[in-house]
Amino acid sequence: TRVRSRREIAREVERGKRAILIDLLEILDNLDRAIEAARDAAAPEALMHGVEMVRQQFFGRLEGHGITEIEALHQPFDPHLHEAVSVVPASDDQSADIVVGIIRRGYRIGDEVLRAALVAVTKRS
């Protein structure tokens, strides 16, 4: 029975992987469509619109799997959520340790950090 349980768990994991991969393949199809539409239209706006739509679709699928973006811009620096890769002098009316730029977005899965946001942070001299 232990061997059978392990096989069932392995099959369930495989089904979960397949479901995620099918989601990703659908997004790849839409990227291909956006590229084709941009070639036919010869307008940069058409490509931009298509790519934005595919990004929204992709992020929607990620949200369906429990992934959310970490809010970073204009937030107090939090070393658990953010990784400071750049320091910007704080102006007189600005507080220190505030995120003023995002170099790479960060994401969570549930309550856990999947990838910290790479950010620029204000500092006092």
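Select valine 121 and show its surroundings: setting aside neighbours within four places in sequence, valine 121 is in contact (heavy atoms within 4.5 Å) with Phe77, Ala84, Ser86, Val87, Val88, Asp97, Ile98 and Val100. A word on what you are viewing: this is a predicted model, where local features need pLDDT of at least 70, side-chain atom pairs count only at pLDDT 80 or more, and totals for chains, interfaces and linings use all residues. Residues are numbered from 1 along each chain as its sequence is written, and side-chain values use heavy atoms, with hydrogens and water left out.

Strands here are DSSP runs of E, at least two residues, numbered from the N terminus.

Next, pick aspartate 97, in the loop between S2 and strand S3 (99-104). Aspartate 97 is not a glycine, yet its phi is positive, near 60 degrees. Its relative accessibility is 32%, so aspartate 97 counts as partly exposed.

Move on to histidine 74, in the loop between strand S1 (67-69) and strand S2 (82-89). Histidine 74 also has a positive phi, about 70 degrees, and is exposed at 59% relative accessible area.

Finish at strands S4 (residues 107-109) and S5 (residues 112-115), which pair in the antiparallel sense over three bridges; pairing requires at least two DSSP bridges. Arginine 108 has valine 113 as its bridge partner in S5.

Conventions:
Helices (H or I, at least four residues) and strands (E, at least two) are DSSP runs, numbered from the N terminus. Buried means under 20% relative accessible area, exposed over 50%, partly exposed in between (1.4 Å probe, protein chains only).
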